[in-house]
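Hi,

Here is the structure I promised to pass on.

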Amino acid sequence: MHYQKSLPRLPVPKLEDTIRRYLNAQKPLLNDDQFRKTEELAHQFEKGIGRELHEQLVAQDNQNKHTSYITGPWFDMYLKAREPVVLNFNAFMSFNPDPKSEYNDQLIRATNMTVSAIRFMKTFRAGYLEPEVFHLNPEKSDTEMFKKIIRFVPSSISWFGAYMVNAYPLDMSQYFRLFNSTRVPKLNRDELYTDENAKHLLVLRNGNFYIFDVIDRDGNMLKPSEIQAHLKYILSDNSPAPAFPLGYLSSENRDTWALLRKNLLDNGNEEALQKVDSAVFCLSLDDFPVKDFVHLSHTMLHGDGANRWYDKSFNLIITKDGTAGVNFEHSWGDGVAVLRFQNEVFKDSTKAPAISPQSQPASVDSSRAVQKLDFKLNDALKAGITKAKQKFDASVESLSLNLIQFHDGGKEFLKQKKVSPDAVAQLAFQMAFLRQYNQTVATYESCSTAAFKHGRTETIRPASIHTKKCSEAFVREPSKHSTEELQKLIEECSKYHGRLTKEAAMGQGFDRHLFGLRYLASSKGATLPDFYQDQAYARLNHNIISTSTLISPAVQLGGFGPVVSDGFGLGYQVHDDFVGCNVSSYPTRNGKEFLQCIHKSLEDIFNVLKGKKISS
């Protein structure tokens, strides 16, 4: 946490910049008449009530220098949402297999990953975890020499030392919520709960809940061979699955779940629930192997509902064949913190595994160390679980997940051609949607603002007048344009997307600013300004294409559910020599066809960049 004190604060953008950026994002989505109306409302807002709200937001921000203007509203947005967290908010990232195949055994991998996760937790809590830094010039800043020097710079000014060598330390204020934490359902607004004194792990298998201590009285980790013994004991327990698996409750509507939880507490389950909430994390052991990538995505994104506790800050899921992944609750933190955790756990468990296939479990009495939690259920709770299961099954039944890999090029080729790999992926999504549905729609790309104190995310708006023009040229009239003209259109998209990305990462997007102003307006209880009641504002925030990308040697693939019922949830990765896309959708959209259109768009873009003509 060496840089935490000196991190710069998230800027509140100028109101005129926000309005200009907002109108730029609206332009490709509206016809001329609609745009004129929206432009008029935006300028009225900028001169009138918007200006007042902006000044109040800036004043409030100046009084709260310990945090960022988005922190409170963003927590509220997540914690006040009443939809189930599964499919709507929780995301997943699956690990690559261990390079040594014999280490992908379920018991061995579960032991090694649990040990590595606890090592990470202990390192972080002791203050020895290396700060998270984004290196623009790693040759200068990602070196042992620089790390040695920066240690002697006081933490109150250390950020400036890193900045001098083009390195950007990232906010690490979310990390403490990784462990011993859970989201507790409450009426109207949930709460985040953390108990760093708890020493036990929660293990789910076959819908049954088990706990055992992984930290001893002196604060030391249990021997890996003992953890192995306890996990082996759980894996060999042949207790039947419970008739009413409690896990389903964490997949319910939050108010419904809050009332059922109160019933659970009143029915003598306080101690058991306390154990669940305070556990270091939740390890979910599934009794089946993974068939393919689609099955993997379904398993990690939602699973069967009985063998997960979706409210824990994360579930570490390990299937029968040792396939591993993380499903994480989103209110407490963002992908950057989870990815750092996954990178460290993968590296540690594969490079310095605590046990090997030859290791013998310790000869300890696991039947005494491991406690199986029993829950007392009355008829109302049994009915609640049955209903939760029916709703969960119906939601999962309606969800489609589809994947493609495009193997005709990737990041290396695009960089040679001096175009942004991310811009090309986003352009392909715009082109694909136009080909499939003949329109341009609101699109969301998540961008981290962790370079600032308590930064969260900002939105990049990939649908622009440039992508629309380029997509129309490729989809509707490719024969009318020379290859050179099409190349120029791609380059324009790349340049503009690069600018949007840079602005978002520097806290200069428009979405969070407008969200903060709206939050301020609604907290006053008055009618929302006309600007926010504009249909175009609602449409822009109905994100039909919601996208997110994270790339790492530890992660095989990631994904999340659509954020609207008629949308696509699109997790993607542009690798050196291929592009991977993982798409979720509900029945109103055809995800398989969308992916075929993405493949065709990537093919066309790469062919044009290679100087080839494209086939219609």
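To start with a cysteine: does C493 count as buried or exposed? At 4% relative accessibility, C493 counts as buried, where buried means under 20% relative accessible area, exposed over 50% and partly exposed in between, with a 1.4 Å probe and protein chains only.

Before the rest, a word on the basis. This is a predicted model, so local features need pLDDT of at least 70 and side-chain atom pairs count only at pLDDT 80 or more, while totals for chains, interfaces and linings use all residues. Residues are numbered from 1 along each chain as its sequence is written, and side-chain values use heavy atoms, with hydrogens and water left out.

Back to the cysteines. The structure holds 0 disulfides, a disulfide being a pair of cysteine sulfur atoms within 2.5 Å. For C470, the closest cysteine sulfur is in C493, 4.2 Å away and too far for a bond. C470 is buried too, with a relative accessible area of 0%.

Now the charged pairs. There are 30 salt bridges in the structure, each one a side-chain nitrogen of Lys or Arg within 4 Å of a carboxyl oxygen of Asp or Glu. Three of them are described here:

- D190 and R254 meet through their side chains at 2.7 Å, N to O. D190 sits in the loop between strand 4 (181–184) and strand 5 (191–194), and R254 in helix 10 (residues 254–266), so this pair ties together parts that are 64 residues apart in sequence. (Helices, H or I with at least four residues, and strands, E with at least two, are DSSP runs numbered from the N terminus.) D190 is buried at 0% relative accessible area, and R254 is buried at 0% as well.

- R308 and D286 form a salt bridge at 2.7 Å, N to O. R308 belongs to the loop between helix 12 (293–301) and strand 9 (314–318), and D286 to the loop between strand 8 (282–285) and helix 12, so the pair links parts 22 residues apart in sequence. Both residues, R308 and D286, are buried.

- K389 and D393 also pair at 2.7 Å, N to O. Both lie in helix 15 (residues 379–398), 4 residues apart, about one turn of the helix. K389 is partly exposed at 35% relative accessibility, and D393 is partly exposed at 32%.

Finally, salt bridges that share partners join R82, R183, D190, R254, D255, D311 and E329 into one network.

Happy browsing!
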